Amino acid sequence: MYKKLFHLVLLFLICGSLRAQAAVILQYHHVSETLPAVTSVSANTFTKHLNYLKEHNFNVIPLNELISTLQQGKALEHKTIAITFDDGYNNNYDQAAPILEKFGYPYTIFVNPKLIDEQAGYVMGWDKLRELAKKGALIANHSAEHNYLHKKRENETPSQWRERTKKDILSSQQRIKEEIGHDYKYLAYPYGEFNNQLQALVTELGFIGIGQHSGAVNQHSNFSRLPRFPASGFYSKLETLITKINSTAFTINKLTYEDSVTSQNPPSLTIKLETNDFHKSQFACYVSSVGQANLNWLDDNTVKVTSPKQLNKGRSRFNCTAPSIKQTGSYYWFSQPWVIN
């Protein structure tokens with residue numbers, strides 16, 4: 001009897017260890033050797049990425065399944081991944097889709113409906129997108145024509161910005177629904193940029209906001225600014241991508257900062273997080289093009305992160321990591337994007 005009970009407990013522990021509260025979303029643009037290298041990955045390198053996932057038993061699932069599972073507070077299988085593409089380029093159809101089909105991996109393409117309707121030559125038309133959707137691809141919203149959604153036009157009031165941006169998001173969603181039949185309320189922010197007002201609007205409209213800043217996701221993530229790991233260009237090297245694919249998400253109880261788009265320079269943020277699975281001495285944050293950030297632990301669970309000097313105007317970020325105690329070889333990973341005015 002005791003032997004049987006021991007085996008049942010052991011089985012429970014083993015099964016539990018194969019479940020996780022965190023996952024990783026990968027972001028691609030071009031699969032091409034002839035287009036801008038900064039947003040491209042070759043077919044050969046893309047195949048290597050997928051081979052790594054297959055050979056190391058990653059659980060590659062549709063984005064909607066990943067998001068809904070986390071929203072419900074349920075556990076995912078260990079090493080869960082979702083694959084996404086931004087912009088819906090023709091090479092996604094010609095190069096990426098056939099490779100993904102060989103592996104049997106689901107994926108999401110974020111598209112700009114107005115550009116499709118205007119027949120921009122570099123993006124897929126609705127016919128190709130419908131074909132991919134029938135094979136299992138998920139088609140989602142990337143705004144009407146890839147403009148900076150958070151930016152106000154000259155002399156535009158906050159209420160005018162709000163109505164214009166709301167129309168952009170909802171009309172784009174309606175076109176996808178009309179042409180594809182999909183109505184997944186996911187919005188990938190153009191250029192990965194968002195501010196407090198845009199996040200609030202996206203949440204009010206019932207959408208999930210998705211960025212381009214790096215990091216894993218879990219049930220405690222802010223669903224108006226979910227991170228993805230870019231896997232193209234400089235970030236396509238498998239040696240460095242492996243660490244990111246195997247990362248996990250900090251459990252952040254509170255994140256405080258002025259705004260992601262800010263004139264505060266140098267910027268700072270305060271993070272209140274659970275610290276039971278990493279050593280605080282190994283927690284480190286790095287600032288783009290600057291180096292190590294200044295850390296000030298306000299109490300056992302709260303740290304203030306500040307850049308040691310002013311950042312250049314434009315996009316930047318803080319990347320914070322710490323090695324997990326329980327999961328050998330896995331790093332906690334969080335990124336804070338900034339747009340300095």
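This text walks through the structure from the whole chain down to single residues.

The model is a predicted one. Start with the overall make-up. The protein chain holds 9 helices and 22 strands. Its 341 residues would give a compact globule a radius of gyration near 20 Å. The protein chain has 21 Å, which agrees with that expectation. Along the principal axes, the C-alpha atoms fill a box of roughly 70 × 50 × 35 Å.

Next, look at how the chain is packed. Buried residues make up 52% of the 341 residues. Contacts tell a related story. Take those in the protein chain with a separation of 6 or more: 65% of them join residues 24 or more positions apart.

Now the surface. The accessible surface of the protein chain comes to about 16,400 Å². Carbon and sulfur atoms account for 50% of that area. The chain carries 36 positive and 29 negative charges.

Turn to one of the sheets. Strands of a sheet pair through backbone hydrogen bonds, either parallel or antiparallel. An open sheet of 5 strands runs in the order 15-22-21-17-18. Its pairing is mixed. Which strands form its edges? They are strand 15, residues 261-262, and strand 18, residues 291-292. Each of these pairs on one side only.

Strand 15 and strand 22 pair in the parallel sense, over 2 bridges. Strand 22 covers residues 331-340. Find threonine 262, and its bridge partner in strand 22 is isoleucine 340. Strand 22 also pairs with strand 21, residues 314-323. Here the sense is antiparallel, and there are 10 bridges. Alanine 322 stands opposite tyrosine 332 of strand 22. How many of the 10 residues of strand 22 are buried? The count is 9, so strand 22 is largely enclosed by the rest of the structure.

Most residues other than glycine have a negative phi, and most peptide bonds are trans. The peptide bond from asparagine 265 to proline 266 is cis, with omega near 10 degrees. Proline 266 sits in the loop between strand 15 and strand 16, the latter spanning 268-273.

Another loop holds two residues with a positive phi. This loop runs between strand 9 (138-141) and helix 7 (158-179), and serine 143 lies in it. Serine 143 has a positive phi of about 80 degrees, although it is not a glycine. Histidine 146 lies in the loop between strand 9 and helix 7 as well. Its phi is positive too, at about 65 degrees, and histidine 146 is not a glycine either. Are these residues buried or exposed? Serine 143 is buried, with a relative accessible area of 0%. Histidine 146 has 16%; it counts as buried because the cut-off is under 20%.

Move to another pair of strands. Strand 7, residues 80-86, and strand 8 pair in the parallel sense over 3 bridges. Threonine 84 stands opposite threonine 108 in strand 8. Strand 8 spans residues 108-111, and both its faces are covered. On one side, Thr108 and Phe110 are buried. On the other, Ile109 and Val111 are buried.

Two helices complete the tour. Helix 2 covers residues 43-55 and contains histidine 49. At 2% relative accessibility, histidine 49 counts as buried. Which residues does histidine 49 touch, leaving out those up to four places away in sequence? They are Tyr28, Val41, Ala231, Ser236, Leu238 and Leu241.

Helix 3 covers residues 63-71, and isoleucine 67 has its place there. Isoleucine 67 is buried, with a relative accessible area of 1%. Leaving out residues up to four places away in sequence, isoleucine 67 touches Tyr186, Ile208, Ile210, Phe223 and Leu226. Take leucine 226 from that list. Isoleucine 67 and leucine 226 are 159 residues apart in sequence. In space they are 9.7 Å apart, C-alpha to C-alpha.

Methods:
Residues are numbered from 1 along each chain as its sequence is written. This is a predicted model: local features need pLDDT of at least 70, side-chain atom pairs count only at pLDDT 80 or more; totals for chains, interfaces and linings use all residues. Side-chain values use heavy atoms; hydrogens and water are left out. Helices (H or I, at least four residues) and strands (E, at least two) are DSSP runs, numbered from the N terminus. The radius of gyration is taken over C-alpha atoms; the globule rule is 2.2 Å times the number of residues to the power 0.38. Buried means under 20% relative accessible area, exposed over 50%, partly exposed in between (1.4 Å probe, protein chains only). Contact means heavy atoms within 4.5 Å. Accessible areas come from the Shrake-Rupley method with a 1.4 Å probe; for residues, only the protein chains shown count as cover. Lys and Arg count as positive and Asp and Glu as negative; His and the chain ends are not counted. The place of a charge is taken as NZ of Lys, CZ of Arg, CG of Asp or CD of Glu. Two strands pair if DSSP finds at least two bridges between them.
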